[in-house]
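Have the sequence and the coordinates open side by side. The walk goes from the whole fold down to single residues.

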Amino acid sequence: MPGVESSFLTGHLLVATPQTGGDVFRRSVVLLLHHDEEGAQGVVINRPLDATVDAVLPGWEEVATPPARVFQGGPVALDSALGLVSVPGGGEAPMGVKLLFGGLGLVDLDIPPLVVAPEIAGLRIFAGYAGWSPGQLEDEIRAGGWYVVEAEARDGFSADPESLWPEVLRRQRGNLALVASFPEDPTMN
């Protein structure tokens, strides 16, 4: 991707190309929470796990956006949890929320859920995150591992996260939309 070195991609989606493999990143959609010269961090927004939110963080399931399951945010720090929230109105950050961009932020999961619940429009809990060292993400993009596309506010809180990979691709212009119909097994093409 031209200009990757000079433009940071915070707030964009990384959509795995058909050749990207592995248990975590195959057909994944990653929301980049932070990207600068020191690296990048994001969460995989289409990998719900079997665990309910209450099984991991009692009290938060009532606030979580359906499906109220924990998502595998990536392969880094799987023993930690991140709470991605949508804050309506674009005003000041509510208590316990660190705004990142475009009304999205991270919530402090140590505060009582009832404190933050009235202030947010969506919540998704992630176990772990995806991380890249300086230059690593740019190298992966140049090597053809990721499509970089604009995110929509609802992407991180999709009611049908398993269909997010083809859905995000279908809304792209040009040939990229055709990738949505790429078969899971290319030998079946």
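What follows starts with the overall fold and then turns to selected sites.

This is a predicted model, in which local features need pLDDT of at least 70, side-chain atom pairs count only at pLDDT 80 or more, and totals for chains, interfaces and linings use all residues. Residues are numbered from 1 along each chain as its sequence is written, and side-chain values use heavy atoms, with hydrogens and water left out.

Begin with the secondary structure. The protein has four helices and ten strands. These are DSSP runs numbered from the N terminus: helices are H or I with at least four residues, strands are E with at least two. Read from the N terminus, the order is β-β-β-β-α-β-β-β-β-α-β-α-β-α.

Next, the overall dimensions. The C-alpha trace spans about 50 × 35 × 30 Å along its principal axes. The radius of gyration is 16 Å, which agrees with the value near 16 Å for a compact globule of 189 residues. That radius is taken over C-alpha atoms, and the globule rule is 2.2 Å times the number of residues to the power 0.38.

Of the 189 residues, 46% are buried. Buried means under 20% relative accessible area, exposed means over 50%, and partly exposed lies in between (1.4 Å probe, protein chains only). Contacts are heavy atoms within 4.5 Å. Among contacts with a separation of 6 or more, 63% join residues 24 or more positions apart.

Now the surface and the charges. The accessible surface is about 9500 Å², and carbon and sulfur atoms hold 54% of it. Areas come from the Shrake-Rupley method with a 1.4 Å probe; for residues, only the protein chains shown count as cover. There are 11 positive and 25 negative side chains, with the centres of the two sets 9 Å apart. Lys and Arg count as positive, Asp and Glu as negative; His and the chain ends are not counted. Each charge is placed at NZ of Lys, CZ of Arg, CG of Asp or CD of Glu.

Where do the aromatic rings meet? The whole structure holds four aromatic pairs. Rings of Phe, Tyr and Trp (its six-membered ring) pair if their centres lie within 6.5 Å; planes under 30 degrees apart are stacked, over 60 edge-to-face, and the rest tilted. Tryptophan 132 and tryptophan 146 have ring centres 6.3 Å apart and planes at 85°, so this pair is edge-to-face. Tryptophan 132 sits in strand E9 (122-132) and tryptophan 146 in strand E10 (146-150), so the pair ties together parts 14 residues apart in sequence. Tryptophan 132 is buried at 6%, and tryptophan 146 is buried at 6%.

Turn to the backbone. Most residues other than glycine have a negative phi, and most peptide bonds are trans. Arginine 27 has a positive phi, near 50°. Arginine 27 lies in the loop between strand E1 (12-16) and strand E2 (29-36), and is buried at 15%. Alanine 77 also has a positive phi, about 55°. Alanine 77 belongs to strand E6 (76-86) and is partly exposed at 31%. The bond from proline 66 to proline 67 is cis, with omega near 0°.

Proline 67 lies in the loop between H1 and E5. Threonine 65 is found in the loop between helix H1 (53-56) and strand E5 (69-72). Threonine 65 is buried at 15%. Beyond neighbours within four places in sequence, threonine 65 contacts Gly122, Leu123, Arg124 and Phe157.

Finish after helix H4 (164-170), in the segment that holds glutamine 172. Glutamine 172 is buried, at 17% relative accessibility. Not counting residues up to four places away in sequence, glutamine 172 touches Val149 and Ala177.
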